[in-house]
Amino acid sequence: MQKAKTLTIERLNVVWPHRDHSHRLVRDLSLSLRAGEVLALVGASGSGKSMTCAGALDVLPPGVIRSSGRVLIDGQAVPGAGLRGRIVATVLQNPRSAFNPVRSMADHAREVLRVARIDPAMDSAAMLDAFAEVGLDDPAHVAGLYPFEMSGGMLQRVMIALALLSGAPFLFADEPTTDLDLLVQARILDLLADLTARRGLGMLIVTHDMGVVARLAQRVAVMEAGAIVEMAPVAQIFAAPAHPATRELVAAHLKLYEGEPA
Ligand SMILES: Nc1ncnc2c1ncn2[C@@H]1O[C@H](COP(=O)(O)OP(=O)(O)OP(=O)(O)O)[C@@H](O)[C@H]1O
Ligand SMILES: [Mg+2]
């Protein structure tokens, strides 16, 4: 298959039918992500960022429904099962909960290869390469480790390595550094920036941290109450935020840094 160039989410609606009321968690959301580009999805807590990713990939929590919308790859509709692990890799907030506690890192890598339909027997070298590429020292040792034997930062590196291993052209990263300490956060962000640039991946990064946005993203989509209220290049978001929700995020970010010693 030719490497995919564009992922488009088209008019996605996610609802939670509850009692006599249907809560609209994502409202008519459309966006396009190009290979080689980092698009940040920002917004207050509860604005629907995670539901957007989960809705696009068909991994919504029980009881929550995608009522309409589809995902197109280079113009062609692909269901969630066809996207996950093959066209879209994911990196999540809490690396520890993303790993099976009774399986080693090599087991996880084999599973990724299976889903991506890459012959696992062929590719233990690729696994070790991917571990090395994300800065894990001694990849052969790491391959034999279980989640409890590893730090959060190490697990997050493995999660990124597994994303690379899948060969997926797109990456959804939902708050990939929120649960890590500050120093590790910075390293993981640099790693993501470097890898997406070098491999030409298209990354949708979900964050509420405008510092992360400034560091990584080229474009920004701002969400409020389930809808995108502003979408613009990163420089414009900081210099001339148009929507009140955007202004609030930028102001909160600047305020955070105001009192800081130079
Ligand atoms: N399992 C669930 N069932 C029903 N509603 C849910 C469920 N999980 C989240 N919600 C609701 O969906 C809305 C969007 O939540 P979502 O998790 O997408 O927000 P978010 O923007 O990712 O927030 P955060 O920055 O806190 O991660 C919120 O109003 C939330 O209360
Ligand atoms: Mg979220």
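This is a predicted model: local features need pLDDT of at least 70, side-chain atom pairs count only at pLDDT 80 or more; totals for chains, interfaces and linings use all residues.
Oxygen atoms of ligand 1 take part in polar contacts, that is, pairs of N or O atoms within 3.5 Å. A polar side-chain atom of S45 is 2.5 Å from a ligand oxygen atom, and a polar side-chain atom of S50 is 2.9 Å from one. At G46, a polar backbone atom lies 2.8 Å from an oxygen atom of the ligand. Of the 640 Å² of accessible area that ligand 1 has on its own, the protein covers 65% (Shrake-Rupley method, 1.4 Å probe).

The chain has 11 helices and 10 strands, assigned as DSSP runs (H or I of at least four residues for helices, E of at least two for strands). Its C-alpha trace spans about 50 × 50 × 40 Å along the principal axes. The radius of gyration over C-alpha atoms is 18 Å, which agrees with the value near 18 Å for a compact globule of 262 residues (2.2 Å times the number of residues to the power 0.38).

Residues are numbered from 1 along each chain as its sequence is written, with chains lettered from A and ligands numbered from 1 in the order in which they are written. Local features need pLDDT of at least 70, side-chain atom pairs count only at pLDDT 80 or more, and totals for chains, interfaces and linings use all residues, while side-chain values use heavy atoms, with hydrogens and water left out.

Methods:
A polar contact is a pair of N or O atoms within 3.5 Å; within protein, one must be able to donate a hydrogen and the other to accept it, and residues adjacent in sequence count only if both atoms are side-chain atoms.
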